[in-house]
Amino acid sequence: MKTEPSVASQLATLPSLPMVELWTLWDAHFSRRPGTWNRDYVASRVAQKIQEAAYGGMDANVRTRLLRLGEAQSVFG
């Protein structure tokens, strides 16, 4: 019986994965590649998706509130 690796172990391997494997994980979670090819950015977004899959995403009300707070503090808004 094969068990899935824990979330912690999946996250711990991200920094040492070859970029090709990070892109494979990215492609599994996102419909298109980002505008930046920064390794830290790619790994952090993949980590977020791994955690969302395991623990659930952010509550819609919390997301809306955070967006509004960000917009209120934005120098561009």
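Helices are DSSP runs of H or I that hold at least four residues, numbered from the N terminus. The exercises below concern a predicted model.

**Exercise 1. Determine how Glu52 and Lys49 are related, both along helix H3 and through their side chains.**

Solution. 
1. Glu52 and Lys49 lie three residues apart in helix H3, and therefore about one helical turn separates them.
2. An α-helix has 3.6 residues a turn, so residues three or four places apart point the same way.
3. The two side chains, of Glu52 and Lys49, meet in a salt bridge, with an N to O distance of 3.5 Å.
4. Buried means under 20% relative accessible area and exposed over 50%. Glu52, at 23%, therefore counts as partly exposed, and Lys49, at 22%, likewise counts as partly exposed.

**Exercise 2. State how many salt bridges the structure holds, and describe the one formed by Arg33.**

Solution. 
1. The structure holds two salt bridges.
2. Side chains of opposite charge can pair when their charged atoms come close.
3. Arg33 pairs with Asp27, and the closest N and O atoms of this salt bridge are 2.7 Å apart.
4. With a relative accessible area of 36%, Arg33 is partly exposed; Asp27, at 41%, is also partly exposed.

**Exercise 3. Check whether the end-to-end distance of helix H4 agrees with its number of residues.**

Solution. 
1. Helix H4 covers residues 60–73, which is 14 residues.
2. At 1.5 Å a residue, H4 should span 20 Å.

**Exercise 4. Which element of the protein chain has the lowest mean pLDDT, and which the highest?**

Solution. 
1. The protein chain averages a pLDDT of 91, and 95% of the residues score at least 70.
2. Among the elements, H4 has the lowest mean pLDDT, 89, whereas helix H2 (residues 19–29) has the highest, 96.

Definitions and conventions:
Residues numbered from 1 in each chain as written. Predicted model: local features only at pLDDT ≥ 70, side-chain atom pairs only at ≥ 80, totals over all residues. Heavy atoms only, no water. Helix = DSSP H or I, 4+ residues; strand = E, 2+ residues; numbered from the N terminus. Expected span 1.5 Å × (residues − 1). pLDDT = per-residue confidence, 0-100. Salt bridge = Lys/Arg side-chain N within 4 Å of Asp/Glu carboxyl O. Buried < 20%, exposed > 50% of the residue type's maximum accessible area, 1.4 Å probe, protein only.
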